Amino acid sequence: MAKLALLAVLASLLGAVSCEFPIYAGYGFPPPNPSVPYPLPPACPPLSPAPGLKVGYYADKDKCPRAEEIVRKVVEKATAGEKAGLIRLFFHDCFVEGCDGSVLLSGPDTERTAFPNLSLRGFELIDEAKAKLEKHCPGIVSCADIVAFAGRDASYSLSYGRINYRVPAGRYDGNVSRAADTFQNLPPPFGDLALTTAMFAAKGLNQNEMVVLSGAHSIGRSACSSFPDRLPPAANSSTAMEPKLAGQLTATCSAGSSVNVPQDAVTPDRLDNQYYKNVMSRGVLFNSDASLTTSSQTEDLVEFYAGNRPFLSGKFLGPVVWYHDFEDAMVKMGYIGVKTSAQGEIRKTCAFINKT
């Protein structure tokens, strides 16, 4: 009750924020009362394309022609878990304050200190790439662009080259990072289809793009504390976790809520369409993933990406299309809340705002 009271106080202090979702309980707090629906946020589409962003932004000789190469070499030597973390880092950066590197800022009550971000990985890799870039071309490449490049390069590596897209760059680094904003903007794992769809719509991403980007849950790991609502599986529910998997996870998670398990037990280190097969077989961790089968529109798309169609209806086409759609959705997500030179800066160190 004390935690819920704290959330109420925070909500009253923050007030209504345009294009941001109201504070919700979760990520360590009790889930909300299911009889009280969430207020749905208004859509706030990102500019497409965002002003100032372009492919090859750093290619000019007076900028940093080797920028993407330097980032790529840092990502290439990372572990599969770190690469999965870089993709998640890009998502968490863009959904809070826009794609402006705000998630990288260190200090009390910054985004990276918030409960949903405590398990984020990849900060050291971003710092390494930034240090190399500062030696090669100081003051040119933003931390926000490094995160975007790294997310692309990690996707390329974990998909074994099937995902490869050109990243529009030219972002500036933001100067605002608040822990409370993560709760307003990051979709919770216990969300239903309406909530998850609405929170993506608030960022200018439609429901199909939400389904596409959810496919990133075919990689990475999750703490048991992220899906207590799924264990034990609910009786007589079409979205309840598959019993055998639920039993295995119940045993594993009995060791503690901080225990980490693969989000995709079949191909845990491969960014592929296995996620959609897992959704269809009820082998996913989060309610937000399981809820994709609660609408005919999203379920049809899940089946298509899973290759769960007759030969002439797209059995082999669906998985191929998903790779392409994921590329497009990642580029579009990269347009969210882009900062200009008037709104941001090029940080010298990604964890700290430049000293004036």
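**A tyrosine and its surroundings**

Guide: Let's start with Tyr 276, which is buried, at a relative accessible area of 0%. Buried here stands for under 20% relative accessible area, exposed for over 50%, and partly exposed for anything in between, using a 1.4 Å probe and protein chains only. Before going on, note that this is a predicted model, where local features need pLDDT of at least 70, side-chain atom pairs count only at pLDDT 80 or more, and totals for chains, interfaces and linings use all residues. Residues are numbered from 1 along each chain as its sequence is written, and side-chain values use heavy atoms, with hydrogens and water left out.

Now the setting. The protein has 13 helices and four strands; these are DSSP runs numbered from the N terminus, with helices being H or I of at least four residues and strands E of at least two. Out of 356 residues, 53% count as buried. If you take contacts (heavy atoms within 4.5 Å) between residues at least 6 apart in sequence, 75% of them join residues at least 24 apart.

A pair of aromatic rings is described by the distance of the centres and the angle of the planes. Rings of Phe, Tyr and Trp (its six-membered ring) pair if their centres lie within 6.5 Å; planes under 30 degrees apart are called stacked, over 60 edge-to-face, and the rest tilted. Across the whole structure, eleven aromatic pairs turn up.

For contrast in geometry, look at Tyr 58 and Phe 149: the ring centres are 6.2 Å apart and the planes sit at 70°, so this pair is edge-to-face. Tyr 58 belongs to the loop between strand 1 (54-55) and helix 2 (67-76), while Phe 149 is in helix 5 (residues 143-158), so the pair ties together parts that are 91 residues apart in sequence.

With Tyr 305 it makes a tilted pair, because the ring centres are 5.2 Å apart and the planes are at 55°. Tyr 276 is part of helix 10 (residues 274-280) and Tyr 305 part of helix 12 (residues 296-306), so the pair ties together parts that are 29 residues apart in sequence. Tyr 305 is buried too, at 2% relative accessibility.

One aromatic cluster is formed by Tyr 275, Tyr 276, Phe 304, Tyr 305, Trp 322, Tyr 323 and Phe 326.

Two of those names come up again in the nonpolar core. In soluble globular proteins, nonpolar side chains tend to be buried together. Here a nonpolar core is a set of buried Ala, Val, Leu, Ile, Met, Phe, Trp, Tyr and Cys residues joined through side-chain atoms within 4.5 Å. The largest one has 76 residues, and those touching the most other members are Leu 104, Ile 126, Leu 133, Trp 322, Phe 326 and Met 333. Phe 326, leaving aside neighbours within four places in sequence, is in contact with Ser 155, Ile 163, Val 212, Leu 213, Ala 216 and Leu 271. There is also a second, separate core of eleven residues, with Cys 224, Leu 231, Leu 245 and Phe 286 among them.

Next, a look at helix 12 from another side. Helix 12 is among the elements that cover the buried residues of helix 7, along with helix 3, helix 6 (179-185), helix 8 and helix 11. Helix 7 is mostly covered, with seven of its nine residues buried. Those seven are Leu 193, Leu 195, Thr 196, Thr 197, Ala 198, Met 199 and Phe 200.

Arg 270 sits in the loop between strand 4 and helix 10. While Tyr 276 is buried, Arg 270 is partly exposed, with a relative accessible area of 28%. Not counting residues up to four places away in sequence, Arg 270 touches Leu 158, Tyr 160, Arg 162, Ser 218 and Ile 219. Ser 157 is 113 residues from Arg 270 in sequence, yet the C-alpha to C-alpha distance is 8.7 Å.
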